[in-house]
Amino acid sequence: WLGTRWPSCSALCAMGRRPLPEVEESRVACLYCDTDLLKYVSEFLNEALPQAGFKESHMWGNIRMLVCFIGCAIATYGHFGCKFPTESIKMGCCALGYFAFSGLTTLVDWLVIKSSAIAVVDPAGGPVIFVDVNLPKFTTTMTMTFRSSAATVSVSRDVGHYFGTCTEGGKPAGGYCSHQAVWDDTIQLYDDYRSQVDKKGK
């Protein structure tokens with residue numbers, strides 16, 4: 001897949017079904033590193049979706065930070081505000097409280113946020129939509145998912161569908177991503193998501 005050749009980005013934009021948001025291109029540091037590939041796609045979605053009218057939702061991120069803050073505040077009070085051994089029971093309660101809120105943070109990550117690149121408000125109305133991007137270790141299959149409490153849809157592509165050798169001005173520029181390919185799949189996912197939500201609503 002690394003040998004795939006892409007047409008120029010302007011040509012790709014002209015072929016698109018929907019307007020492609022203006023996102024500055026940057027080069028992927030390493031095409032063999034799953035972290036770099038995921039980071040690039042996530043950063044593109046974080047810039048492109050708000051430009052296309054998808055308002056970013058910080059609700060669950062704020063809830064996570066609040067739970068973390070409460071846990072850290074309890075731990076700080078137990079460490080600096082309690083005297084040992086006269087207040088050992090209070091210190092023990094603070095330790096239990098810290099671990100409880102740390103566990104809640106883990107649950108929020110595991111059950112809600114997962115591998116979300118961005119959470120957006122559905123322009124058509126409805127629950128917050130999480131946009132997940134996942135690339136398992138030692139595979140070349142990248143999966144993008146739109147999920148909410150109302151519906152879940154996914155698309156899986158070989159990373160060569162998004163990353164390849166783009167040619168600009170007759171000069172090879174390896175390591176660049178086809179923004180149009182990512183955008184087309186993103187918009188198609190949203191259309192499929194809305195179709196599922198509408199079917200369930202009937």
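User: Does Cys93 count as buried, partly exposed or exposed, and at what relative accessibility?

Analyst: This is a predicted model, so the values are computed from predicted coordinates. Partly exposed covers what lies between under 20% (buried) and over 50% (exposed). Cys93 has 48% relative accessibility, so Cys93 counts as partly exposed.

User: How many disulfides does a search of the whole structure find?

Analyst: A disulfide needs two cysteine sulfur atoms within 2.5 Å. The search finds zero. For Cys33, the nearest cysteine sulfur belongs to Cys30 and is 5.6 Å away. For Cys93, the nearest is that of Cys94, at 7.1 Å. Cys33 is partly exposed, with a relative accessible area of 24%.

User: Now the helices. At what angle do H3 and H4 pack, and how far apart are their axes?

Analyst: Helix H3 spans residues 59-80 and helix H4 spans residues 88-113; they pack at about 165°, with axes 8 Å apart. Angles over 145 degrees count as roughly antiparallel, so H3 is roughly antiparallel to H4. The crossing of H3 past H4 is left-handed.

User: Which residues meet there, and of what class are they?

Analyst: On the H3 side, the residues include Trp60, Arg64, Val67, Ile70 and Tyr77. On the H4 side, among them are Lys90, Met91, Phe101, Leu104 and Asp109. By class, the contact of H3 with H4 has 16 nonpolar, four polar and three charged residues. Cys94, whose sulfur is the nearest cysteine sulfur to that of Cys93, is one of the H4 residues in this contact.

How values were computed
Residues are numbered from 1 along each chain as its sequence is written. This is a predicted model: local features need pLDDT of at least 70, side-chain atom pairs count only at pLDDT 80 or more; totals for chains, interfaces and linings use all residues. Side-chain values use heavy atoms; hydrogens and water are left out. Axes are lines fitted to C-alpha atoms, for helices over the stretch in contact, and angles run from 0 to 180 degrees between N-to-C directions. Helices (H or I, at least four residues) and strands (E, at least two) are DSSP runs, numbered from the N terminus. Angles under 35 degrees count as roughly parallel, over 145 as roughly antiparallel, 65 to 115 as roughly perpendicular and the rest as oblique. A crossing is left-handed if the near helix is turned anticlockwise from the far one by less than a right angle, and right-handed if clockwise. Contact means heavy atoms within 4.5 Å. Ala, Val, Leu, Ile, Met, Phe, Trp, Tyr, Cys and Pro count as nonpolar, Asp, Glu, Lys and Arg as charged, and the others, Gly among them, as polar. Buried means under 20% relative accessible area, exposed over 50%, partly exposed in between (1.4 Å probe, protein chains only).
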